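Please keep the sequence and the structure in view while reading.

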Amino acid sequence: MEELFDTINVRDLLSTHDLTDQTAPLTAPDLRLLISRLEFHSLQIKSKVQSYIASHHQDFASLFSLCNDAVSRTDEISTDLSDILGLISYRPIDKEVKEIIDEVSAKMKEARVKKELLELVRAIVEIGERLKGVKEALRDGRLRFAAEELRELKKDLRVGDENASEPLVYGLLREEWLDCFEEIQELLVKFVESAVRFEKESNRVLVKYQLTVDGLDGIELRTVLEAMEVVGILDYGLAKVADLKIKYVISPAVSYGSPITFVEELNPGPEKMSEAILRMVPSVDDKIENVDGKTIYSGIIQVVKFIHKRICLQNGSWVRCFGRLTWPRISELIISNFLSKVVPEDASKLADFQKIINHTSEFEAALKEMMFISASDNKDARLSNFAENVEVHFASRKKTEILAKARNLLLQCDFAVPQEYTGKDPICKNDGMSVDSSEHVVDLLFMSERCVVTKAASQLMKLVHQILQDICLSSTRVAFEFYHAARDAILLYEAIVPVKLERQLEGINQVAVLMHNDCLYLSQEILGFAFEYHSDFPSSIKEHAVFADMAPRFHLMAEEILQRQIQIVIFNLREALDGADGFQNTHQIQQFESAKFSIEQVVFILEKVHIIWEPLLLPSTYNRSMCTVLESVFSRITRDILLLDDMAAEETLQLQRLIHLMLENLSSLLESLAAVNQKGKTEGDFARPLDDLIPSLCKFRKLAELLDMPLRSITAAWESGELLSCGFTLSEIEDFIKAIFADSTLRKECLWRIENVPL
């Protein structure tokens, strides 16, 4: 059959003429020939197919028979499946099976629950019986058995680990367990209180070993302690004994001026020892002193030995428990009543403290041997740590004293200005006054000037200098504490003084100026510490002992106080000038008097400021600050007058009169400023002329001239640049001319000339 499926090439059916040209069209004869040959070829194919089928007839018949059988079987399976589905639909056997399985599961679950409930009931009954046994054991005096049963029942009932989903009966059983626990706890505490008694009248501690409480006779102290340990209330049971031991035995031994001797007595019974007594007998020798602590330590060791042997019966865990309850308070008593009081007050006596360090170490070693304190926990070595750090305690005490002294002198200083510096000329470097003539006058290390400071600031610096000198001679630890003391003492000024002087800083007064000087002086002194002391500091603290970071904050504080004063002055001056109502209508008598009063108020405020500032502030600072204040005054008055949009001829004369009045009243102030400025020029400190420091002064004076100057003269002054050099602007001159001179050809011409002057 392969030849039937061969590809037929149409061109092979055509004639044999040249077919190389693929684009050449076929002619009609070619097409007829092609059709004829295709028909012939088709007949050949049909003939071959018929011959193939005829030769394979048996194979095709078998194939068709097999297909027919498969179709028949498929129909039978479909019929059987339909019958099964119908049977299931009419008789739901799967549902019956499921119901049987569910019933069996429910029965099994019910049986399992009943079994668990039965076991729970048995456990509850057993626990109830055991709780009853505990109560019976307590009544019979079997304390150890009752304690062990309670410990086991605590685990079974999971006391402290309650679950909300548990049966209610568990809660009831826990309550019953708690009742038993409280009962045994109360009983054991009574036994301990009966066993150890403190008789204050006879100064003795009595320990009994055969105890009787609530009708229970012959209970031994050891049994009671064992029961408390089993139940887990050993700390609670011994707490009261520990408190009384501290109160009646340890505290007197440490606090009394004369030492106490402890005497132990034993009272043996028929079979066993029945009592042990510790008597406290004050020493008859009043000359014995607890200088090195040996007497105190030996007395406490006697007490601890008595506790170890007679109360805790040489049981290590009981002794350790008693030690945990008492040692923190015992060590605190020894530190506060003995060690802290024998800390040397002088660094030269630190070496003598070594004896106390040795006795303290031996004392703690003895306590560790008796297991009263832990041998591995460094926290229990409190006394040794304190004694070995005596240098730090010495420095800490000194630091406290230094800060207390600094605080007192800052609080007690009244910040009053000495009478000899009130109203005088400013203090200068070369005024002939000795630096030591008064503690109020100090040199500024990095400035060629001197200033007046408060007694508090000068004494504070003396104190700090003394601390820094001690640092140079001290050990590393002491030096480090002293370093912090010096810093803290300086910072106390920042913390105390601004709060103390809060009200004074709100007004214009000498206190604020003195505080400014103090801060400036402190900042200068702080900067000098590095040059004066740093090289002599112990090498180990040189890197950390830095003061330079504090200088800027005090310098900034000084500047803030000064600027605050300046702003307060400027505010008062502005309030005074507000009364002039912008200097309007001064040709009217009432308005003129009001403006004149404002000018007089301004002059009064400026004179007051001059009297307060000049004697106290540094000349350079005074000059700069006063010029700032005057600049605000002159600029404000000049601006108000130039803002007037209409001025009569008489009004200009009155304004000129007011300006002259103010300049005349301030002449002495301006002359003093000029003198200070001239002195600064000779010393090379500040060489700027007064007109540069008060730019509005020249403009203010020129304004007085302009008020009665002819229009042509004003125009000529602008053209020459004279008015521009005085600070006038083009718009100000134009508005000034329009306010004074009426509209005319001349005014227009002058305004045109002014506008066209090249700037």
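## Overall surface and fold

The accessible surface of the protein chain comes to about 41800 Å², and 53% of that area belongs to carbon and sulfur atoms; accessible areas come from the Shrake-Rupley method with a 1.4 Å probe, and for residues only the protein chains shown count as cover. The model is predicted, so that local features need pLDDT of at least 70 and side-chain atom pairs count only at pLDDT 80 or more, while totals for chains, interfaces and linings use all residues. Residues are numbered from 1 along each chain as its sequence is written, and side-chain values use heavy atoms, with hydrogens and water left out.

Of the 759 residues in the protein chain, 41% are buried, where buried means under 20% relative accessible area, exposed means over 50%, and partly exposed lies in between (1.4 Å probe, protein chains only). The secondary structure comprises 26 helices and eight strands, taken as DSSP runs numbered from the N terminus (helices are H or I with at least four residues, strands are E with at least two). Among contacts between residues at least 6 apart in sequence, 70% join residues at least 24 apart, a contact being heavy atoms within 4.5 Å.

## Salt bridges

The count of salt bridges is 26, each being a side-chain nitrogen of Lys or Arg within 4 Å of a carboxyl oxygen of Asp or Glu. In one of them Glu-265 pairs with Arg-279, the closest N and O atoms being 2.7 Å apart. Because Glu-265 lies in strand β5 (residues 260-268) and Arg-279 in strand β6 (residues 273-282), this pair ties together parts that are 14 residues apart in sequence. Glu-265 is partly exposed, with a relative accessible area of 27%, and Arg-279 is partly exposed, with a relative accessible area of 27%.

Another salt bridge joins Lys-399 to Asp-488, with the closest N and O atoms 3.5 Å apart. This pair links distant parts of the chain, since Lys-399 belongs to helix α12 (residues 390-412) and Asp-488 to helix α14 (residues 476-500), 89 residues apart. Asp-488 counts as partly exposed, at 28% relative accessibility.

Arg-753 and Glu-719 also form a salt bridge, and their closest N and O atoms are 2.9 Å apart. Arg-753 lies in helix α26 (residues 745-755) and Glu-719 in helix α23 (residues 711-719), so the pair ties together parts that are 34 residues apart in sequence.

## Surface patches

Patches are made of residues with over 30% relative accessible area and no salt bridge, like charges being joined within 9 Å and nonpolar side chains (Val, Leu, Ile, Met, Phe, Trp, Tyr) within 5 Å. Tyr-52, Ile-53, Phe-60, Leu-63 and Phe-64 make a nonpolar surface patch of about 480 Å². Helices α1 (28-55) and α2 each supply at least two residues of this patch, and the largest share, three residues, comes from α2. Tyr-52 is placed in helix α1 and counts as partly exposed, at 33% relative accessibility.

A patch of negative charge on the surface gathers Asp-75, Glu-76, Asp-80 and Asp-83. Asp-83 lies in helix α2 (residues 57-90).

Technical notes. Lys, Arg positive; Asp, Glu negative; His and termini not counted. Charge placed at Lys NZ, Arg CZ, Asp CG, Glu CD.
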